[in-house]
Amino acid sequence: MRQKSQTVHEGGLKKLQAVDYEKCIYNCLLIKQKFIGRGPRYIYLFKNQICIGKSPFVQIPERQFQINQDMRIQWSYKKNQLKSVIFQVGGEQFEYFGTNEQLRELKQKIALYVFQVKIQDEYQAESILGKGSYATVLELSSLQCQKQYAAKCIDQQRINEKKNGYKQLLQEIETMRILSEIKHQNILQLHELYIGNQNYYLVMELAKGGSLLSLMKKRQTLFSRSDIRIIMKQLLEGLAFIHSHNIMHRDLKPENILFMNKDLESLVIADFGLAQSVDSHPYTYPKCGTPGFVAPEILEQDSDQAKYSVLCDIFSAGVILYILLIGEPLFEKKDRKEQLELNRKCDINFSKFSHDQLNDIEKDLLIKMLSRNPEFRWSANSLLKHKFFVSDDQIESEIDFYKLNNMAILKKSMMPTFLKNPFMQNNCKNQPTTRDKSISLINRQRNCTLVMQTNLRFDKSSQEQLNIDQVVGIGSFGLFKDEINQKNF
Ligand SMILES: Nc1ncnc2c1ncn2[C@@H]1O[C@H](COP(=O)(O)OP(=O)(O)O)[C@@H](O)[C@H]1O
Ligand SMILES: [Mg+2]
């Protein structure tokens, strides 16, 4: 591989700077092949640059690559084993050799910071797992270890066309990276980054259990109270972790809550596409979220300088709790503008529910999560100490009623959470229940994430993200599959 003698690159050349090794994230020793002979090279990874020196900890390194939009990493292989890493910077390539083990370790660290090329060298695309407001998620199998992963595929053109699109993508990656540094069991982990000809790929852990929305649709009934407790506890534990980093998720909804396996106790929070650090002001998209789930204070924003807190996520979690308990959307209108208005006003009447539908403890918890004024909302950590989570009043909830066969003999008054699930697909019409008036989620509009302009109140015409079906048509899997599975595209 040809290597020129120039030294520092930042999409071009720049003067070498002294290195502060205290900020180094990872280092390793590789080999540079020269025209005659070979020499050791000490590689240091930093959050924003890669430094390479002929000896350890040199003040002025031989090369200094800034990690930016143009930098790429390529790997070369010999019989499926890694042979070298190639840094592609400013139109040039710099290659360093090592053992498969050394390079695998480097790959594991560096792949969270820099986009790698040729995803098809590592993965095979299997199927489409889901589609969100701006991405299609594929199941991948690793060619190295047969393990399954998920790849969030984001169309480069769409990102480039969207105002602040690339900035927001970097924010999503940065958030997942921060939250992956110390693994939390309720947060979906980012594995590595790739870039293809048309897409960015965020390779993540595979959540085999599907989304909370898909579970809701599949069930015959609403979740039992003990199941709701299990779900909400994990959701709040995940939120407490995110919030401890001063990060807001801003798009919590059943589609973005996943399960690692069939066990309800494997919940992970996913989709950090709108995540935002509370202190990084002004926010990239001050007014965003999903109608019906978004906190009222976000909808009140009319300025690009908007500021709010992590408590906006507590509101969305409260809406999810409401849906799990009652089986109906909290703010529901066919017209999106009206729905947002209902959402903004946040006039919730809990007194209409009987004690069977909502007991006092549940009502109290909902009030603490759904308060219109964020100042009165409880934090995730405080909510985890609420009676709802510590109560031993679990007489009815400890039984998984779902498993019982003879539904007809069950008394609704005894088992309110056993009423027919209005979210279920193919809801059977000849078994009327008190909740038959509820509208199935299937028939409702998608819970589409919106980015709204702060100065235009609820005008969705230009700000609403395109329906994914328009963007990714029927043949879309073929498109991704081609990009991933074709060798040497
Ligand atoms: N790691 C994963 N494992 C399994 N399915 C996933 C994973 N990530 C996302 N999905 C599925 O893909 C859908 C869209 O992903 P998401 O990250 O929410 O994209 P968007 O930002 O476009 O909403 C999710 O609702 C979920 O059904
Ligand atoms: Mg999503």
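Two strands count as paired when DSSP finds at least two bridges between them. Keep that cut-off in mind for the first stop. One caution before you start: this is a predicted model.

**Stop 1: the hairpin**

Select residues 26-33 and 38-45. These are strand 2 and strand 3, and they run antiparallel with eight bridges joining them. Now colour the turn. Strand 2 and strand 3 form a hairpin with four residues between them. Gly-37 sits in that turn, with a positive phi of about 80°.

**Stop 2: the whole protein**

Zoom out and show the cartoon. The protein has 13 helices and 21 strands. It holds 489 residues, and 36% of them are buried. Among contacts with a separation of 6 or more, 61% are between residues 24 or more positions apart.

**Stop 3: ligand 1**

How many residues are around ligand 1? There are 23, and those that come nearest are Gly-130, Gly-132, Val-137, Ala-150 and Asp-271. Strand 10 provides the largest share, three residues. Colour the shell by residue class next. You get 11 nonpolar, seven polar and five charged residues.

**Stop 4: Asp-271**

Stay at the ligand and pick Asp-271, one of the residues that come nearest to ligand 1. Look for Asp-271 in the loop between strand 18 and strand 19. Check its backbone: phi is positive, about 60°, although this is not a glycine. Is Asp-271 buried or exposed? The cut-off for buried is 20 or more other C-beta atoms within 10 Å. Asp-271 has 26 C-beta neighbours inside 10 Å, so it counts as buried.

**Stop 5**

Step back to strand 18 and show its sheet. This is an open sheet of three strands in the order 15-17-18, with antiparallel pairing. Strand 15 (210-211) and strand 18 (267-269) stand at the edges. Each has a single partner strand, so one side of each is left without a neighbour in the sheet. Select residues 257-259 for strand 17, which is joined to strand 18 by three bridges. Within that pairing, Phe-259 has Leu-267 as its bridge partner in strand 18.

**Stop 6: two backbone details**

Go to His-281 and Pro-282. A cis peptide bond joins them, with omega about -5°. Pro-282 is in the loop between strand 19 (276-277) and strand 20 (287-289).

Last, select Cys-346. Its loop runs between helix 8 (336-345) and helix 9 (360-370). Cys-346 has a positive phi, near 55°, and is not a glycine. With 17 other C-beta atoms within 10 Å, Cys-346 is partly exposed.

Notes: Residues numbered from 1 in each chain as written. Chains lettered and ligands numbered in written order. Predicted model: local features only at pLDDT ≥ 70, side-chain atom pairs only at ≥ 80, totals over all residues. Helix = DSSP H or I, 4+ residues; strand = E, 2+ residues; numbered from the N terminus. Buried ≥ 20, exposed ≤ 12 C-beta atoms within 10 Å, placed from the backbone. Contact = placed C-beta atoms within 7 Å. Near = placed C-beta within 6 Å. Nonpolar A, V, L, I, M, F, W, Y, C, P; charged D, E, K, R; others polar.
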